[in-house]
Structures are given as C-alpha cells and as structure tokens.
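Visitor: I am new to reading protein models. Could you walk me through this one?

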Amino acid sequence: MDIEEILNDDVPSDQLKKAEEAYYKATAAKQMTKEVEFYYANCLVRSKYPGDIRKGLSIFEEMCKKYKTEEMRDYIYFIALGNARIKEYAKALYYAEEFLKVEPNNKQVLALQEVVKKRLRREGLEGAAMAGAAGLAIGGIIGLGYALLSKKKSPKDDDCKDETEK
C-alpha cells in the first residue's frame, strides 16, 4: 500500500467499534495496556471523521508522554499521518521531520513528507487563488458601492424633498 492509499484508507466501522469497546472496558477495569490504547488510537486516526482523528491524535500524544519507549516512533508516525488526514499539514510536516531526525532513511515517512508537501503546495495555491478571487469580488463590490455613493445628485433629487427641507 502506498502512502496515498494509507492516507485515504478509512478503518471499517466494526473494527473501530471493537477497538472502542476494548478501550473503554480496559479503562473501566483500570487495566489499560499500551496495546489496547495503541489499537484504539490507530483506529481513530484512520476514521473518516475528523473528530475521531483528533481524539486519536490526542491519545497518541499522551502515549508519547507516558511511554518513553521504542514504540514512540510509531506514535509519532501516526500523529503525522493523522494530521495529514485532517489537512493540518504544518503539524504533519513537523512530526514527520521529528521522526526523520531519529530515522532519516525511513521510506514510509519520507513518502508521507513528500505527499504532505505536494498537498500543501496544491491546496496553498488553490487557497491563494480563492482568496484572490474573493478579494477581487469584495474589491468590486466596494468599488461599486463607492461609485454609487459618490454619484452626483441629479436636480430631480431636490424635487423629492418636502418643503420643510428646502
């Protein structure tokens, strides 16, 4: 699976539900393990819903603080991936770069970084084009409004005033 497919791959809803049940069961029993937490956060980050993705990112960020272990590289990867999925490209690049400081030749993270940069350029250019078009439209409206307001009064305008105003 290439990185584009990974970014566009949504977790099946039954898998997410299973992970959620295991997570809340472990939480209630105060028997949370890294594996249960990771599985749930992973499913959330792969959800089609931005709210779920953000929740998964939050869990992975907490895991980075709690577990100072070798698995942290996986947490950071999924944080980068999740941020890319919700179009938080600056954050995605930050985490990809942090990952690459430790493992500079990781092909999957290098590919993620490249895709994020392409999307950032493409959507940045589209965003700039939309902002420019909106600016032109607003400028045109303001110009039209100014032109209408500054229009010279016609002599007939005085005829419309009642006698007390003359």
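Predicted model: local features only at pLDDT ≥ 70, side-chain atom pairs only at ≥ 80, totals over all residues.

Visitor: Are H4 and H5 roughly parallel or roughly antiparallel to each other?
Guide: The two helices pack with their axes 9 Å apart, at an angle of about 155°. Angles over 145 degrees count as roughly antiparallel. Therefore H4 and H5 are roughly antiparallel.

Visitor: Which residues of H4 make the contact with H5?
Guide: Both helices contribute side by side to this list. From H5 come several residues, including Met72, Tyr75 and Arg85. From H4 come Ile53, Leu57, Phe60, Glu61, Met63 and Cys64.

Visitor: How many residues of H5 are buried?
Guide: Buried means under 20% relative accessible area. Among the buried residues are Phe78, Leu81 and Gly82. H5 is largely enclosed by the rest of the structure, because the buried residues number 11 of the 14.

Visitor: Which side chain makes a polar contact with the side chain of Glu37?
Guide: Glu37 sits in helix H3. It counts as buried, at 5% relative accessibility. Glu37 touches Tyr23, Met32, Ile59, Met63, Lys66 and Tyr67, leaving out residues up to four places away in sequence. The polar contact, at 2.8 Å, is with Lys66.

Methods. Residues numbered from 1 in each chain as written. Heavy atoms only, no water. Helix = DSSP H or I, 4+ residues; strand = E, 2+ residues; numbered from the N terminus. Buried < 20%, exposed > 50% of the residue type's maximum accessible area, 1.4 Å probe, protein only. Polar contact = N/O pair within 3.5 Å; in protein donor to acceptor, adjacent residues only side chain to side chain. Contact = heavy atoms within 4.5 Å. Axes fitted to C-alpha atoms, helices over the stretch in contact; angles between N-to-C directions. Parallel < 35°, antiparallel > 145°, perpendicular 65-115°, else oblique.
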